[in-house]
Amino acid sequence: MTREVKEIFGNGSGGGTPSPPVPAALAAKVRTLAPSMTRSMQRVAEAVADDPAGCAALTVTGLAELTGTSEATVVRTARLLGYPGYRDLRLALAGLAAQQQSGRAPAITTDIAVDDPIADVVAKLAYDEQQTLADTAAGLDTVQLAAAVTALAGARRTDVYGVGASGLVAQDLTQKLLRIGLMAHAHSDPHLAVTNAVQLRSGDVAIAITHSGSTGDVIEPLRVAFEHGATTVAVTGRPDGPVTQYADHVLTTSTARESELRPAAMSSRTGQLLVVDCLFVGVAQRTYESAAPSLAASYEALAHRHRVPRKSP
């Protein structure tokens, strides 16, 4: 089965213009897309995220002058962020500014220093985790999520690809699906992933988990699965990454700011695990009549392993 490769900046549903993000999702989208932007576009994106109220008052010419860019760059940045034009971006900025002025606490810095007390480390990591979850939830395309859930609920078989930290998330998803009676396999070995992808057909599902969106060991089996007719899903922090070329559905995650002591591979798992839980719960809802008994049976099968043995008299 052959399908046309989608545009990199498509919305994962086969083309068309993505729906503009709501104001609450704007800052999350800026953080997600900034690494893939040109430097001039980054200046525009950072300006609107840092000072939405100030930028909302500027014309396209004013914002271009403020950021040392051009009007064309401002318009391109607005479109990359999901808005038809700069006018729509200004409306979103005004909405975001209103939300921030309604009493929301200011953001705290979460950079972790080598000599930070452990209590500060806990507080900073907890804040980062909360922000990552909020950003991922705000930016998650629920239309794409629902479509992926539908595919998983009716799949004959599901293969999940991930390496490193993303491989742990892949294992988490397959374990959840197995416990509700669905056939699922996690692959971290790129050779096994490809040889298994060759066996997939229409009615099967392949999921690639890669924060960077450019992990070759994950993209290759997804491409093979895509070309063999399986429904493909990408869970990625880079909606413009190469992996999305072979994904029918794209689920975008956010990530906490990367630091020397906490690389992206660690912080990315938080958003990925939220997406995995959303997929699992959605599938369990769709297949409740069979999922509930399967889940109960798996709990019963493992119950004896959690009982404390009695001491001999």
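Which residue just after H9 takes a positive phi? In this predicted model, the residue is Gly181, whose phi is about 85°.

Helix H9 covers residues 165-179 and, together with S1 and S2, makes a right-handed β-α-β unit. The length of H9 can be checked by simple reasoning: its 15 residues, at 1.5 Å a residue, should span 21 Å, and the C-alpha atoms at its ends are 22 Å apart, which agrees. Several residues of H9 are buried, among them Ala165, Val169, Leu173 and Leu177. The buried residues of H9 also include Ser166, Thr174 and Lys176.

The two strands of this unit, S1 (residues 158-161) and S2 (residues 184-187), run parallel and are joined by four bridges. One of the pairs in this region links Asp159 with its bridge partner His185 in S2.

**The sheet**

Strands of a sheet pair through backbone hydrogen bonds, in either a parallel or an antiparallel manner. Here, five strands form an open sheet with parallel pairing, in the order S2-S1-S3-S4-S5. Because S2 and S5 (249-252) stand at the edges with a single partner strand each, one side of each is left without a neighbour in the sheet. On average, neighbouring strands of this sheet are turned by 15° against each other, direction ignored.

Strand S5 pairs with S4 (residues 231-236) in the parallel sense, over four bridges. Within this pairing, Thr236 stands opposite Thr252 in S5.

| Helix | Residues | Strands touched | Angle between directions |
|---|---|---|---|
| H10 | 190-197 | S1 and S2 | about 150° with S1 |
| H11 | 216-227 | S1, S3 (205-210) and S4 | about 160° with S3 |

**The cysteines**

A disulfide is a covalent bond between the sulfur atoms of two cysteines. How many disulfides does a search of the whole structure find? The search finds zero. Two cysteines can be described by their accessibility. Cys55 has 1% relative accessibility and therefore counts as buried, since buried means under 20%. Cys278, at 28% relative accessibility, counts as partly exposed, because this value lies between the cut-offs of 20% and 50%.

**Summary**

In this predicted model, helix H9 belongs to a right-handed β-α-β unit with S1 and S2, and these strands are part of an open sheet of five strands. Helices H10 and H11 pack on that sheet.

How values were computed: Residues numbered from 1 in each chain as written. Predicted model: local features only at pLDDT ≥ 70, side-chain atom pairs only at ≥ 80, totals over all residues. Heavy atoms only, no water. Pairing = 2+ DSSP bridges. Right-handed = clockwise from strand over helix to strand, strands pointing away. Expected span 1.5 Å × (residues − 1). Buried < 20%, exposed > 50% of the residue type's maximum accessible area, 1.4 Å probe, protein only. Disulfide = S-S within 2.5 Å. Axes fitted to C-alpha atoms, helices over the stretch in contact; angles between N-to-C directions. Contact = heavy atoms within 4.5 Å.
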